[in-house]
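I opened my notebook to look up a few residues one by one. Here is what I wrote down.

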Amino acid sequence: IARQEGGDIDDEAGLMIARLADGGMRDALSILDQAMGKSKQVNALTVCETVGMAGTGYINEIAGDIAKRDPAALMKLINELYANSKDMIRLCDELIGYFRSIMILCTVKDSDGLIVASEAELTELKQTAAQFTPARAIEIVNLLQSSYEKMARGVNKRVEMETVLIKICGIPDTGTQTAQPL
């Protein structure tokens, strides 16, 4: 479709749009149309800018700070993202998707087909998943989903994002220290 409209889209941008659309063709086409309104050469950065996403670099950095239980670093990142007009509810949604992948990698032996990611993204996800117990990964997803619902009801999105990240840093490890798929 991008080529038919006189543009081009790279594989990473296509994967991002697929994840964002969550199986909805109309949603995917809408995101593509908006991205092509910014640039005929659609890449991951174009998609991130179009929908207000933080992007994989920030998400990986947040996940690393969560693994290290470093709320100070997380608050600095949230401040930076907020100053750059990133949508906190979109950020929460990105984190839910990311930690869903971590949760699956921590709990499912054969996760092929359950995670939409490039080879490089999957390799990084597996390295990050090794830093979490299955119970902690599940609790992180639960807390993020609860915060997403609160944000959708209209609470202060920045404060809610900061609060949930601090809560996540305090989740105790239970079970085995490193992830061992069931």
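I started with Thr-46. Buried or exposed? Thr-46 has a relative accessible area of 8%. Buried means under 20%, so I put Thr-46 down as buried. I note that the model is a predicted one.

Next I looked up where Thr-46 sits. I found Thr-46 in helix H3, which covers residues 44-51. Then I listed its contacts, skipping residues up to four places away in sequence. Thr-46 touches Ala-35, Lys-38, Ser-39 and Gln-41.

I turned to Cys-169. I placed this residue in helix H9, residues 157-169. Its relative accessibility is 8%, so I count Cys-169 as buried. Which residues does Cys-169 contact, leaving aside neighbours within four places in sequence? I wrote down Arg-69, Asp-70, Pro-71, Leu-74 and Arg-136. I also checked Cys-169 against Phe-132. They are 37 residues apart in sequence and 12 Å apart in space, C-alpha to C-alpha.

Then I went to the surface. I found a negative patch formed by Asp-8, Asp-10, Asp-11 and Glu-12. I picked out Asp-11 from this group. Asp-11 belongs to helix H1, residues 11-21. Asp-11 has 68% relative accessibility, so I marked this residue as exposed.

My last entry is a nonpolar surface patch. Ile-1, Met-25 and Leu-29 make this patch, about 310 Å² in area. Where is Ile-1? I found Ile-1 in the segment before strand S1 (8-9). Ile-1 has a relative accessible area of 55%, so I noted Ile-1 as exposed.

Notes. Residues are numbered from 1 along each chain as its sequence is written. This is a predicted model: local features need pLDDT of at least 70, side-chain atom pairs count only at pLDDT 80 or more; totals for chains, interfaces and linings use all residues. Side-chain values use heavy atoms; hydrogens and water are left out. Patches are made of residues with over 30% relative accessible area and no salt bridge: like charges are joined within 9 Å, nonpolar side chains (Val, Leu, Ile, Met, Phe, Trp, Tyr) within 5 Å. Accessible areas come from the Shrake-Rupley method with a 1.4 Å probe; for residues, only the protein chains shown count as cover. A salt bridge is a side-chain nitrogen of Lys or Arg within 4 Å of a carboxyl oxygen of Asp or Glu. Lys and Arg count as positive and Asp and Glu as negative; His and the chain ends are not counted. The place of a charge is taken as NZ of Lys, CZ of Arg, CG of Asp or CD of Glu. Helices (H or I, at least four residues) and strands (E, at least two) are DSSP runs, numbered from the N terminus. Buried means under 20% relative accessible area, exposed over 50%, partly exposed in between (1.4 Å probe, protein chains only). Contact means heavy atoms within 4.5 Å.
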